[in-house]
Amino acid sequence: MRKYPVGIQSFEKIRNEGYVYVDKTPLIYKMITEGCPYFLSRPRRFGKSLLVSTLAAVFEGRRELFEAFTTDDGIEQPRLFIATTSWKWEKYPVLRFDFSKSNLTSIDKLDEYIDFTLSIYEQEYDITPSGAGTSVRMVNIIHAAERKMGKKVVVLVDEYDNMMLHCLGDAPMQKLVRERFQDLFTPLKGEDDHLQFVFITGISKFSQMGIFSKLNNLNNISMVPDYETICGISEDELVTTLRPDIELLAAKQGLPYEAMLAELKANYDGYHFSEEKTDMYNPFSLVKAFNNKKVGSYWFDSATPSSLFDMLANMPPIDMADIDGTKCEASAFDQPFDSYEAPLPVLYQSGYLTIKEYLPQRDQYVLGFPNKEVRKGFATSLYRYVTHTQADNRNRSAFLDAYLDFRDDGNLAPFIEALKVFFAGVPYMIDDKDEHHFHAMLYTLFVSFGADVVAEDLSAKGRADLTLKMPKGIYIIELKYDDTAEAALKQIDERGYANKYALDGRPITKVGIAFSSKERNITEWHND
C-alpha cells in the first residue's frame, strides 16, 4: 500500500505515518554545510513548506526520522541520505515563522500572528515581556535562545510574501506588510554572529520589499543550477522513487507504463528554475493524481488567488497567444507585486510561466507555459478577464458542448454556429477591436477547453492564425477582419500553411472565417 501526503507539509508526520517521500536531503546537506543565510523562491504548493519542516527536523537533531525504520502500521521507511553523512545531529534552537497560513488576511491578523509567535519564543527562552518593539523582541529572543541552548540560532521563514500575493493591487496594505517584515527581519543581518542558519522562502525576492536591501548577505539560490531540484520532482526521481506509483496509476487507467508517464509529463512537467533547464514536475499535482488515481487539474485550482486576475485588469492587455516564447530581461524577475508595468514577471513568480530558454549573449529568458494543466487553467481564468461579463457562462458552456461534439464527430458547421452565438453574447466586442483581438479570444477559448491548438503556426511562407489538431483531423484556420472567407482560404493555399502536415496521416481541413467590425461577429465562413 502506498500512502500519499496530500496537503501534508510536516516531515515528521510523513515519515512516522509511512507516507511516500522523495529524498531531498542530499541538497539539504549541501546547503547546511556550505553556507548560512539563504533565500529560495518557488511557486505556491511546490514543496517549500515541507522543505522548511525537514530543515527544522535536521537542526532539532531528530536523527531517528532520517534513519530506516518500520512505522506502527508496518510500513518500511528507507534510510535517507543525510543519515549516512558526518552530520553531528546536535540540537539547535529553531525559530520558525510560517506565513502560509490562510487566515492572515488583514494587517491586524498579521500583527496578531507575529506577536503570538514571538510570545511563544519569549516564554520558551524565559524572557520577561517588556513591551518592546518587534525588532528588539527578535534580538532578545536570539540572544536568550543562544544562552539557554548553548548553540547558535536557526531562523526558518516560510512564505514570507503570502499576504503580498493576496492583496495584489492594494498598495497601502502592501506598504504596511513591508513595514512589519522590516521590523521583524532586519535585525537578522546584525545578529549574524549569533545565527547558525537562516532560510527564507517565498514566491519571489523583491528588492522593493525592503528587508532584502537590509539583508543583502542572503544567498539567493532561486535560479542557481545546483539547487534547481530542491523543490518539486525531477524526471529521475519520478521514474525511480515514484515508479511504483506510476505503475499503480497506469493499471487503474488501463494504460501502459510509458503512456502513463507521457500523460504525467504533458500535464505536470516542464518547470525550469535555472538556465540549465532541468525538467521539474509539480509535486502537488503528482501526489493528487497518484492519490486520486486520475490525472486532473489540481495545482491551478488550488494555487490561483482571485486577486491575481483582478490585478491583470490594471495591467497592459495580455494576449495569451503571444505569451509562449516571450522574452524577459533577467532583472524583471525582481519586480514588486504592486507594479502594474509588467504582468509577465509576476506570472513567472507565481508559477504560471516558466523558463523555456536562456539567451546568455543577451542575458534574457524566454518564458512560456510549463505544461497542459497550467496552460488550460490559465486560459479558463483569462477567458473571464477577456470577456468582462458575468453573463457569459451559459454561452461558454454551449460553446464547450459544441466543441466536444466537433472533436468527436468532426462536424464543423454546428460548431461555427455555436461560435456565432458565443460572440453575440459577449458585450466586450467594441469598435476599436481588430482581427488580432478575435484571434486571441478564440485561441484562449480553445486552450481553456484543453484543445491541442497552435497560434501563429509557422510555415515556410508565413504563419497560420490557428492550427487545431483534433483526434480525427487537422484544421488550418485563417481569420479575416472586414474581409471575406474566400480571401482567408486563398491565403492558406498561397502560403502553403497546410503543407507541413501533409505526412501527419489525419485529414486536413482549411477553414476561412470572416469577422465584421459592424456586426461584431462572424459574417461568413468556408472550408476546403
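A contact is a pair of heavy atoms within 4.5 Å. By that criterion, and not counting residues up to four places away in sequence, Phe197 touches Met31, Ile32, Gly35, Cys36, Tyr38, Leu55, Phe59, Val153, Val154, Val155 and Leu156. The model is predicted, so local features need pLDDT of at least 70 and side-chain atom pairs count only at pLDDT 80 or more, whereas totals for chains, interfaces and linings use all residues. Residues are numbered from 1 along each chain as its sequence is written, and side-chain values use heavy atoms, with hydrogens and water left out.

The protein chain has 22 helices and 17 strands; these are DSSP runs numbered from the N terminus, with helices being H or I of at least four residues and strands E of at least two. Of its 528 residues, 54% are buried, where buried means under 20% relative accessible area, exposed over 50%, and partly exposed in between (1.4 Å probe, protein chains only). Among contacts in the protein chain with a separation of 6 or more, 69% are between residues 24 or more positions apart.

Strand β6 covers residues 195-202, and seven of its eight residues are buried. Two strands count as paired if DSSP finds at least two bridges between them. Strand β1 (residues 37-41) pairs with β6 in the parallel sense over five bridges, and Tyr38 has Phe199 of β6 as its bridge partner. Strand β5 (residues 153-158) is likewise joined to β6 by five bridges, in parallel; here Val153 stands opposite Leu195. In general, strands of a sheet pair through backbone hydrogen bonds, either parallel or antiparallel.

The structure holds 30 aromatic pairs, defined for the rings of Phe, Tyr and Trp (its six-membered ring) by centres within 6.5 Å; planes under 30 degrees apart count as stacked, over 60 as edge-to-face and the rest as tilted. The rings of Tyr38 and Phe197 have centres 5.8 Å apart and planes at 45°, so this pair is tilted. It links distant parts of the chain, with Tyr38 in strand β1 and Phe197 in strand β6, 159 residues apart. Both Tyr38 and Phe197 are buried. The pair of Phe66 and Trp89 is also tilted, because the ring centres are 5.1 Å apart and the planes lie at 40°. Phe66 belongs to the loop between α3 (48-59) and β2 (69-70) and Trp89 to the loop between β3 (76-77) and β4 (94-98), so the pair ties together parts that are 23 residues apart in sequence. Phe66 and Trp89 are both buried. Ring pairs also link Phe39, Phe97, Phe99, Tyr113, Tyr121, Tyr160, Phe181 and Phe185 into a cluster.

A charge sits over a ring if NZ of Lys or CZ of Arg is within 6 Å of the ring centre and within 35 degrees of the ring normal. The charged end of Arg42 sits over the ring of Phe273, 4.1 Å from its centre, and Lys151 lies over the face of Tyr92, at 5.7 Å from the ring centre.

A nonpolar core is a set of buried Ala, Val, Leu, Ile, Met, Phe, Trp, Tyr and Cys residues joined through side-chain atoms within 4.5 Å. The largest such core has 75 residues, of which Leu55, Phe66, Phe197 and Phe199 touch the most other members. Its largest share, eight residues, comes from α3.

Strands β15 (residues 473-481) and β16 (residues 508-516) pair in the parallel sense over eight bridges, and Lys480 has Ala514 of β16 as its bridge partner.
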